[in-house]
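Colleague: Hi! Could you walk me through this model while I have it open?
Modeller: Happy to, ask away.

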Amino acid sequence: MDKLFLIIKREYLAKVRNKSFVVMTFLSPILMVGMIVLIAYLTKLNDSEKRVIGILNESDYFSNEFVTTESTSYVNFKDISLEEAKDSTMHLGYYGLLYLPNGENLEEVAQRAFFYSEEAPSSSTLERVEGSIKSRLRQERLRLLGISAAEYAEMDSDYEIKISTYQGLQNMKGINELKAFIGGGFGYLIMMFIIIYGGFVMRSVIEEKTSRIIEVIISSVKPFQLMLGKIIGTSLAGITQFGIWIVSGTLLLFVAFFIFNIDPAVLSQSGSSPMVAGPASGMSGLDPSLQLYAQEILDIPWGMLVSFFLVYFILGYLIYSSIYAAIGAAVDNETDTQQFIFPIILPLMLAIYVGFFSVFSNPHGPIAVGFSLFPLTSPIVMLMRLPGGIGEGGVPIWQLALSIVILIITFIGIVWLASKIYRVGILMYGKKPSYKELFKWLKY
Amino acid sequence: MDIILSAEKVSKSFGDHTALKNVTLEIPRNSIYGLLGPNGAGKTTLIRIINQITYPDKGQVFLNGEPLQAEHIRHIGYLPEERGLYKSMKVGEQALYLAQLKGMTKADAKKKLKYWFERLEIGDWWNKKIQELSKGMAQKIQFIVTVLHEPKLLIFDEPFSGFDPINANIIKDEILRLRENGTTIIFSTHRMESVEELCEYIALIHKSEKILDGKLSAIKKAYKKNIFEVVVESSDPKGLLAHATDKFHILSSNMADDGRELGFSVQLGNGDSKELFQFLGTHANVHSFVETIPSANDIFISAINSKGQLHG
């Protein structure tokens with residue numbers, strides 16, 4: 001136990017004193033915040049650039065259909081020929097010219113209408129113009145059928161069904177996605193952590209092999225102790241780094257927004273995620289549905305979520321990092337690791353994609369259940385399901401229990417296999433092993 | 001005889017490859033013991049078993065009469081063939097770390113390190129990183145961390161490969177000094193001539209089997225072939241050679257350019273050199289008269305050959 005502590009301490013200090021680690025720890029938040037500020041700034045800039053479209057309207061059917069919006073404004077030409085209008089829009093540097101000729105009826109006008117521009121116009125602009133004409137056409141056709149504009153406006157109403165659980169708890173539509181998004185955040189965190197610090201574990205094993213100190217050390221401690229100490233020491237360094245990132249990143253972000261005077265809402269407008277829109281404006285209390293969102297977020301069992309996050313995080317990370325350690329032991333240098341790394345990354349990527357596509361829309365569907373039981377994906381997928389709660393209306397208790405049991409069994413199995421490969425691999429030099437060879441090592 | 005370490009019928013295989021087959025050894029306390037044999041014979045596997053890095057499939061190893069256990073690690077010092085140190089770690093910190101892994105307390109390790117650093121004249125390296133040191137300096141550190149915890153048994157695998165000649169000599173002297181202080185030392189090497197002069201006992205390992213072991217002087221006695229190398233001076237070397245050929249079994253001879261000096265090697269029947277010496281004394285001036293003692297390498301080759309004959 002004493003020796004394990006010594007190893008953990010050494011691995012931790014070796015990591016946090018490493019120059020590139022220190023640089024990354026302090027540079028990353030600056031880069032991240034810099035990028036966010038840049039995006040916010042560009043978004044702001046983008047909004048201020050407007051497209052101007054000239055309209056030459058010779059028909060009687062259009063008057064105020066084209067409304068200036070944030071991104072597009074319209075300028076009406078009067079009493080000039082089409083050629084003159086084209087010339088002037090060109091010289092004024094307008095984005096384009098919409099030509100609405102006169103005609104017997106609206107159908108004919110629509111048929112003969114044209115959009116002129118320097119280059120092929122953007123599809124969003126075209127859609128907007130087409131949309132305006134389309135709605136005018138629909139209105140005209142309805143008028144011919146004897147329905148007034150007022151009646152039409154009344155007819156065209158929004159509808160959203162209200163949903164509730166059997167117990168009568170009112171739910172918000174999209175709250176499942178929102179919850180999965182929060183769980184997804186946790187899952188994503190686990191994946192990033194595994195990839196970054198699993199890689200550190202692997203490189204640290206390779207370093208011990210290439211510096212040839214490994215045999216000196218394992219004549220004093222058991223290879224398993226060394227592997228475990230390395231994994232724990234590296235993860236503690238990782239947690240330190242993550243902690244610094246979160247604290248300094250948040251501080252920097254506030255400072256940056258304050259200095260550059262950027263409203264954080266700029267970002268949430270462009271992002272369509274309910275996660276950002278929900279809590280940011282939910283507290284204003286103006287919109288009852290937003291209040292409900294806020295309530296739902298507060299209702300998420302955070303204590304439970306964080307405890308299970310820790311359980312899945314620790315088990316998942318130990319499983320993956322012991323595989324990383326075994327890979328590091330099996331090879332002589334980092335370039336040889338490629339063929340082994342890919343099969344590890346695959347389930348992680350799969351978990352994230354399955355999570356975002358399948359679990360978001362149906363957190364308790366068969367795919368979501370399957371992947372939240374499969375041990376290599378469960379740490380990520382189960383966390384996406386958990387914000388919905390446990391038991392009634394959430395993840396059934398048996399699934400959660402089964403998932404953790406499978407994970408623990410896998411953990412023991414994988415660590416056992418990995419430590420066998422590790423034990424043999426660290427003393428093997430000069431050859432790049434195949435999978436077949438690794439399998440043989442298990443029997444040594 | 002007081003035995004510090006013994007192996008009893010130790011076997012180990014890796015997949016289809018047999019690394020050790022029924023190896024039995026006894027290493028006397030306070031001796032220098034040579035574990036000799038070509039590359040791939042199984043020496044390193046045996047050493048790793050002694051260090052509890054790997055475990056035998058069959059057989060057992062005893063230290064001081066007790067079966068090997070984790071607690072024994074602190075009594076053994078091991079310098080592996082594949083050796084190195086953490087490159088980006090400071091010398092002092094690293095030495096302390098390795099000493100503590102061997103079970104020393106920090107204070108004790110610090111005290112002993114100070115002693116060794118002074119002894120090998122490396123006082124001011126404490127805060128230097130290994131990558132800043134020359135190879136020879138790093139080798140000294142490597143040696144110190146091997147012996148720092150004052151093990152009763154020291155194992156050196158290919159000790160002098162990679163050491164420059166000056167350091168090799170320093171370390172040879174230190175090893176001899178350690179032995180005088182009661183340490184038992186095992187040398188493992190395929191370059192037999194490099195340790196032959198140091199070893200009192202040897203074991204020859206070939207193709208995972210021990211083919212010969214025992215006290216080196218006794219083995220040499222058993223393997224000597226009663227061949228003598230003689231150099232004499234005579235006014236008539238040709239006549240002398242003809243005369244000698246009549247009386248003895250001459251294996252080879254060579255005549256010097258000056259026409260007076262003669263060298264030849266003689267195979268004697270039963271180790272009785274008296275008759276030859278008397279013959280030479282009456283007919284010529286003897287310059288040298290040496291019995292050919294086989295080197296470990298010669299013994300090794302003839303042991304393999306005789307074993308091959310036995311196996312038919």
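**Domains, sheets and contacts**

Modeller: The centres of domain 1 and domain 2 of chain B, taken over C-alpha atoms, are separated by 46 Å. This is a predicted model, where local features need pLDDT of at least 70 and side-chain atom pairs count only at pLDDT 80 or more, while totals for chains, interfaces and linings use all residues. Residues are numbered from 1 along each chain as its sequence is written, and chains are lettered from A and ligands numbered from 1 in the order in which they are written.

Colleague: Thanks! Which residues belong to domain 1 and domain 2 of chain B?
Modeller: Domain 1 covers 3–221 and domain 2 covers 225–291; such bounds come from an automatic or database domain assignment.

Colleague: What is the strand order in the open sheet of six strands in chain B?
Modeller: The order is E6-E7-E8-E3-E9-E10, with mixed pairing. Strands here are DSSP runs (E, at least two residues), as are helices (H or I, at least four), numbered from the N terminus. Two strands pair if DSSP finds at least two bridges between them.

Colleague: And why do E6 and E10 of chain B each have one side without a neighbour in the sheet?
Modeller: Strand E6 (76–79) and strand E10 (209–215) of chain B stand at the edges with a single partner strand each, so one side of each has no neighbour in the sheet. Neighbouring strands of this sheet are turned by 15° against each other on average, direction ignored. Angles run from 0 to 180 degrees between N-to-C directions, with axes fitted to C-alpha atoms, for helices over the stretch in contact.

Colleague: How many bridges join E3 to E9 in chain B?
Modeller: Four, between residues 32–36 and residues 201–206, and the two strands run parallel. Within E9(B), Tyr201(B) is the bridge partner of Tyr33(B).

Colleague: Which strands does helix H1 of chain B lie across?
Modeller: Helix H1 (residues 43–50) of chain B lies across E3, E7, E8 and E9 of chain B, at about 150° to E7(B). Helix H7 (residues 216–223) of chain B lies across E9 and E10 of chain B, at about 105° to E10(B).

Colleague: Switching topic: how many residues are in the largest nonpolar core?
Modeller: There are 135, and those touching the most other members are Ala325(A), Ala326(A), Val381(A), Leu383(A), Ala95(B) and Ile155(B). A core is a set of buried Ala, Val, Leu, Ile, Met, Phe, Trp, Tyr and Cys residues joined through C-beta atoms within 7 Å. Helix H13 (residues 302–330) of chain A gives the largest share of this core, 15 residues.

Colleague: What is Ala325(A) in contact with, leaving aside neighbours within four places in sequence?
Modeller: Its contacts include Val201(A), Met227(A), Ile231(A) and Tyr422(A). Contact means C-beta atoms, placed from the backbone, within 7 Å.

Colleague: How many residues of chain B are in contact with chain A?
Modeller: 19 residues of chain B are in contact with 18 residues of chain A. Helix H2 (residues 91–101) of chain B gives the most to chain B's side, with four residues.

Colleague: Last one: is Ile293(B) buried, partly exposed or exposed?
Modeller: Ile293(B) counts as partly exposed because it has 14 C-beta neighbours inside 10 Å. Buried takes 20 or more other C-beta atoms within 10 Å, exposed 12 or fewer, and partly exposed is in between. Ile293(B) lies in the loop between strand E14 (285–291) and helix H10 (296–311) of chain B. Leaving aside neighbours within four places in sequence, Ile293(B) is in contact with Lys220(B) and Lys224(B).

Note on methods
Contact = placed C-beta atoms within 7 Å.
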